[in-house]
Amino acid sequence: MSRDPRKPLVSDTAMVLAAGIGKRMRPLTVTRPKPLVRVAGKALIDHALDKLAEAGVTRAVVNVHYLADQLEAHVLAREVPKVQVSDERETLLETGGGLVNALPLIDRDTFFCLNSDNIWLDGPRNAFAALSDFWDESRMDALLLLVSHAQAFNYTGMGDFHIDQMGVISRRKPARVAPYIFTGIQIVSQRLLRDAPEGSFSTGRLWDRAIAEGRLYGLPHTGLWYEVGAPEMIAPTQEALTHF
């Protein structure tokens, strides 16, 4: 089914998680935060922010921690999407805590959330449009964009999730392989974040509750996805991107 171009995205706002310390990306992160490591001619975070701009997302909240001044100056210079910074200089809050801390800036019932080190190519449909079309607030607390092993490059893990015919997610069993990998891109509702713990915690805790309630869903990505978590992953990613 083709997407009605007049149909809006579920939100004009995204949270970009960019506060990590980039241990796996050393030594490139000794003097710069990981989101500013350059791949294929531009900073990692600009790959994500440019994709948001192309999809029509006009606002982004970016959290900062490690070498925060560099990252803050870089993202605030953008015009589209317009960026606000969620400051975690004092305490790194992980993914879940970072989301909760940024909520006053997000100010939306539903919003996109993505990692700052994502590089992906869309298939026939834009990823944010595809997520928006599948989103159903009455059934979902979060909707995760997933990718198969065949469409994931530089990835050597065992996968993260299974999804059933309706799109309901379950986690990979210990010591088993799961067919789908989380791309780092999702739609999040405020309902997912209700009664969240204080301080630093992983979004995975909230996903587990949503799984138990049957309200965590996944959507398979129709394009390609590249893991760029370590220096040795940069060259093959750049080589692959030159063919598109």
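Strand S13 (residues 216–220) is largely enclosed by the rest of the structure, because four of its five residues are buried. Here a residue is buried under 20% relative accessible area, exposed over 50%, and partly exposed in between, with a 1.4 Å probe and protein chains only. Strands are DSSP runs of E of at least two residues, helices are runs of H or I of at least four, and both are numbered from the N terminus. The model is predicted, so that local features need pLDDT of at least 70 and side-chain atom pairs count only at pLDDT 80 or more, while totals for chains, interfaces and linings use all residues. Residues are numbered from 1 along each chain as its sequence is written, and side-chain values use heavy atoms, with hydrogens and water left out.

Strand S13 pairs with strand S8 (residues 142–148) in the parallel sense, over five bridges; two strands pair if DSSP finds at least two bridges between them. Pro220 of S13 is the bridge partner of Leu146. An open sheet of three strands, with mixed pairing, has the order S7-S14-S9. Strand S7 (119–121) and strand S9 (152–153) are at its edges with a single partner strand each, so one side of each has no neighbour in the sheet. The pairing of S9 with strand S14 (residues 224–226) is parallel and runs over two bridges. Within it, Ala152 has Trp225 of S14 as its bridge partner.

Helix H1 (residues 44–55) packs with helix H2 (residues 68–76) at an angle of about 30 degrees, the axes being 12 Å apart. H1 is therefore roughly parallel to H2. Axes are lines fitted to C-alpha atoms, for helices over the stretch in contact, and angles run from 0 to 180 degrees between N-to-C directions. Angles under 35 degrees count as roughly parallel, over 145 as roughly antiparallel, 65 to 115 as roughly perpendicular and the rest as oblique. The crossing of H1 and H2 is right-handed, a term for a near helix turned clockwise from the far one by less than a right angle, anticlockwise being left-handed. Ile45, Asp46 and Leu49 of H1 make the contact with Leu71, His74 and Val75 of H2, where contact means heavy atoms within 4.5 Å. By class, four nonpolar, one polar and one charged residues take part in the contact of H1 with H2. Ala, Val, Leu, Ile, Met, Phe, Trp, Tyr, Cys and Pro count as nonpolar, Asp, Glu, Lys and Arg as charged, and the others, Gly among them, as polar.

Several features of the backbone fall in loops. The peptide bond from Arg26 to Pro27 is cis, with omega near 10 degrees, and Pro27 is in the loop between strand S1 (13–17) and strand S2 (38–39). A cis peptide bond also joins Val80 to Pro81, with omega near -10 degrees; Pro81 belongs to the loop between H2 and strand S5 (82–87).

Leu67 is not a glycine but has a positive phi of about 45 degrees. Leu67 lies between strand S4 (59–64) and H2, in a loop, and is partly exposed at a relative accessible area of 31%. Asp195, also not a glycine, has a positive phi of about 50 degrees. The loop that holds Asp195 runs between strand S12 (180–189) and helix H5 (203–212), and Asp195 is exposed, with a relative accessible area of 72%.

Ser138 is found in the loop between helix H4 (127–134) and S8. With 58% relative accessibility, Ser138 counts as exposed. Ser138 is 55 residues from Val83 in sequence and 30 Å from Val83 in space, C-alpha to C-alpha.
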